Amino acid sequence: MNAVHKEATKAGGLRNRLFQVKKTGAVIIGKALIAATRLLGRGGTTLPGRLAIRIKPDLAELLAARLLKGTLVVTGTNGKTTTSALIKNILIDAGYSCIHNQSGSNMSWGVASALISSASWGGAIAADWALMEADEGAFPKIVQDIRPRGVVVTNIFRDQLDRYGEIDRIQEAIGRGLQALAAGSFQAINADDPSLVSIGGLGDKERLTYGLEIELAEDSFQNTGRDLKTCPICKKELTYERIYFAHLGHYHCPSCNFRRPRPDVQLTGVASNPDGSNRLEINAFGRNLSINSPLPGTYNYYNLLAALTCSLALKIPEKQVLRTLEAANPSFGRMESFAIGDKVLVMALIKNPVGANEVLRTILKTAGNSTLLVAVNDKIADGTDVSWLWDVDFEQLAAVLTVPDRFSATFAAGLRAWDMAVRFKYAGLDLTKVQVEEKTGAALRRALQATPAGGTLYVLPTYTAMLEIRRHLNRMGYGRPYWEDR
Amino acid sequence: MIRQINIYHLYPAQLNLYGDRGNMLALSRRAQWRGIDLRVIPIEPGDQINFEQCDLLFMGGGQDSDQLLVAADLKKRRPEMRRAVEAGMPVFAVCGSFQLLGNYYTAVSGEKIGGLEILDLYTEAGNKRLTGNAVINCPLWQPAKTLVGFENHAGKTYLGPELQPLGTVLNGFGNNGLDKKEGAVYKNVIGTYLHGSLLPKNPWLTDYLLAKALKHRGQDSTLRELVDSIEIAAHHRAIHIAGSLRHRMRSTRA
């Protein structure tokens with residue numbers, strides 16, 4: 001007798017049986033819709049869940065309760081996707097099965113879709129873990145729905161202000177989600193982010209922190225947007241001993257004594273290896289470890305620490321965790337490479353100033369004859385307000401363009417291609433090398449054509465523009481459909 | 001002789017929420033392209049402000065916690081600021097700063113927070129945010145020109161009977177979603193909820209502000225025409241997007 005059936009007979013009564021019918025019905029409709037949308041060549045990651053939870057609002061909760069080990073949730077403005085991909089790989093390499101809403105559909109219906117698509121037609125789930133990436137605004141609802149055993153919160157930055165209003169409100173939403181955690185669960189948060197550390201009301205929940213203890217060259221870009229200038233407790237000015245980027249760093253408040261906690265997991269040293277990877281020295285819960293990590297950029301140090309903290313909290317053997325982390329590849333859309341004939345296409349998602357600046361900084365480090373395509377859409381998943389483009393330091397590109405054989409051509413694409421072109425103009429780019437093409441497919445083809453043999457095309461799309469570009473790449477025979485990622 | 005103007009950028013660290021950097025960039029570049037020496041003077045909380053030297057005061061939008069901090073500091077300078085405004089000092093205020101220039105703001109709790117009383121308007125907190133692309137018809141020019149931007153505000157602002165709006169709403173919500181008025185103009189003060197950033201896609205408004213600043217300094221305010229084809233294309237695309245079904249269907253979200 002399967003678990004679903006047991007539940008129905010246990011409670012008994014016609015009302016419960018009707019409930020049961022409704023649930024199975026919701027699963028069946030959801031699954032049928034997923035099948036249908038995939039036939040149409042789309043991921044089927046949003047609509048099926050949306051409809052199924054309309055029919056049965058607590059469907060996600062019921063399905064999540066069937067998991068053998070439980071659920072985990074990763075939220076925060078930046079780094080969710082990479083962090084959750086790392087944790088998922090660790091779980092799988094440790095011998096567990098894991099459901100994951102990996103294509104970035106991280107609202108409550110995306111979580112429901114992921115569970116439905118892994119469930120049998122009768123509503124049974126045979127998996128150990130579900131690891132869900134949660135949008136910050138949807139975080140409280142998702143925590144309520146699937147009652148995670150552990151959550152990871154990466155950071156809070158300015159992101160898609162049209163959806164959440166202001167950073168204060170994102171912080172409030174994350175606070176509500178943390179409050180909603182069940183007793184005995186753990187939370188792993190970034191110690192370098194004062195807006196996270198200041199969230200109180202822990203009760204009997206375990207809080208683990210991670211952070212950097214290294215020296216980095218002072219942030220040379222003035223406008224990366226230090227969103228949090230004031231102490232989140234007393235609203236006086238916060239003092240920083242070190243800033244890693246934006247408002248992440250070592251801080252304390254001279255007025256109220258609010259200060260950065262000593263992290264449980266610390267990055268204590270970084271050295272470059274000859275193959276381009278980094279050797280990271282880490283102190284985790286008092287033990288010294290080292291990892292050779294292929295992931296580039298400071299933001300990935302944080303992602304790696306977050307995944308490590310969460311995995312060690314789950315008591316996964318340390319050796320196993322390190323082996324998986326060393327094998328990690330930059331995750332979906334976050335910095336992917338495709339070989340296209342004798343050219344290379346590198347794609348990195350951009351969605352807010354801090355993330356975009358980090359991406360620009362990383363791609364500008366690699367030399368070579370390269371071209372650039374920035375594709376900006378303004379659909380809901382991208383953020384309908386494109387004013388964040390003005391907080392991205394595209395000025396970095398202008399300085400580079402004066403050096404020959406770097407970006408020989410720059411393309412602006414997407415529904416907001418012209419906004420991007422204006423941004424390029426005011427950033428001081430050479431307009432004779434800037435081309436505007438709203439259609440992402442045509443822009444991709446033109447940009448590939450303009451890329452010299454042996455050169456690299458960097459593609460920086462917003463979320464829905466990335467989905468479009470992936471579809472074009474799939475049609476051209478490059479890359480797998482995104483719902484088939486590992 | 002090289003023309004020179006000073007822009008006072010009020011509290012750049014606190015009031016920088018909605019791409020206000022774009023507004024400053026638009027002013028700086030368009031001055032630079034015409035050989036005007038434009039200086040940006042950042043004003044931090046607690047700094048002395050010499051309004052005599054200020055040719056354009058720029059005030060951006062902030063988040064609630066920062067906004068309160070700024071309001072408290074700014075109220076100390078109210079008499080001098082008021083005098084400068086009456087003497088024709090150009091001011092450009094966006095979002096939260098636009099509200100701050102008014103008489104008061106009523107919070108959801110019912111608490112009344114006093115403003116600078118420079119513009120005869122008041123704001124009431126709403127529980128539904130007015131969010132989306134917006135287009136207004138602006139009579140600062142004859143014939144009137146359109147301005148495009150993005151609005152995102154929970155506060156609903158109402159103008160006093162004598163105060164002129166910046167424009168009439170063609171698409172979007174405007175000050176309060178009811179009376180079709182957007183922003184306010186008093187002497188050389190412009191307040192608005194529009195960002196996006198506002199100035200880059202509306203180059204005529206940027207030039208209007210630059211000309212006002214030059215004039216306030218007692219200098220020749222004629223501005224050489226620039227090639228604005230990219231800005232104009234972006235402006236027209238934004239009008240199209242604001243009017244599209246795709247946008248209208250989602251612009252009324254709470």
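Within chain A, 71% of the contacts with a separation of 6 or more are between residues 24 or more positions apart, where two residues are in contact if their C-beta atoms, placed from the backbone, lie within 7 Å. This is a predicted model, in which local features need pLDDT of at least 70 and side-chain atom pairs count only at pLDDT 80 or more, while totals for chains, interfaces and linings use all residues. Residues are numbered from 1 along each chain as its sequence is written, and chains are lettered from A and ligands numbered from 1 in the order in which they are written.

**Chain A overall**

- Of the 486 residues in chain A, 53% are buried; a residue is buried if 20 or more other C-beta atoms lie within 10 Å of its own, exposed if 12 or fewer, and partly exposed in between.

**The open sheet**

- An open sheet of chain A is formed by 6 strands in the order E12-E13-E17-E14-E15-E16, with mixed pairing, and two strands pair if DSSP finds at least two bridges between them.
- Its edge strands are E12 (336–340) and E16 (434–437) of chain A, each of which pairs on one side only, and the twist averages 20° from one strand to the next.
- Strands E12(A) and E13(A) run antiparallel and are joined by 5 bridges, with A:Leu345 in E13(A) as the bridge partner of A:Phe338.
- These two strands, E12(A) and E13(A), form a hairpin with 2 residues between them, and A:Gly341 in the turn has a positive phi of about 60°.
- Strand E15 (residues 407–413) of chain A runs parallel to E16(A), to which it is joined by 4 bridges, and A:Thr410 stands opposite A:Val434 in E16(A).
- Helix H17 (residues 463–475) of chain A lies across E12, E13, E14 and E17 of chain A, running at about 140° to E17(A).

- The axes of helix H3 (residues 47–55) and helix H6 (residues 108–118), both of chain A, come within 7 Å and cross at roughly 95°, the axes being lines fitted to C-alpha atoms, for helices over the stretch in contact, with angles from 0 to 180 degrees between N-to-C directions.
- That angle makes H3(A) roughly perpendicular to H6(A), since angles of 65 to 115 degrees count as roughly perpendicular, under 35 as roughly parallel, over 145 as roughly antiparallel and the rest as oblique.
- Among the residues making the contact are A:Pro48 and A:Ile53 of H3(A) and A:Trp109 and A:Ile116 of H6(A).
- Helix H6(A) is mostly covered, with 10 of its 11 residues buried, including A:Trp109, A:Val111 and A:Leu115.

**Nonpolar cores**

- The largest nonpolar core has 115 residues, and among the members that touch the most others are A:Leu373, A:Ala421 and B:Phe58; such a core is a set of buried Ala, Val, Leu, Ile, Met, Phe, Trp, Tyr and Cys residues joined through C-beta atoms within 7 Å.
- Helix H15 (residues 417–427) of chain A gives the largest share of this core, 8 residues.
- A second, separate core of 86 residues includes A:Leu72, A:Ile282, A:Ala284 and A:Leu308.

**One residue in strand E11**

- A:Ser290 lies in strand E11 (residues 287–293) of chain A and is partly exposed, with 13 other C-beta atoms within 10 Å.
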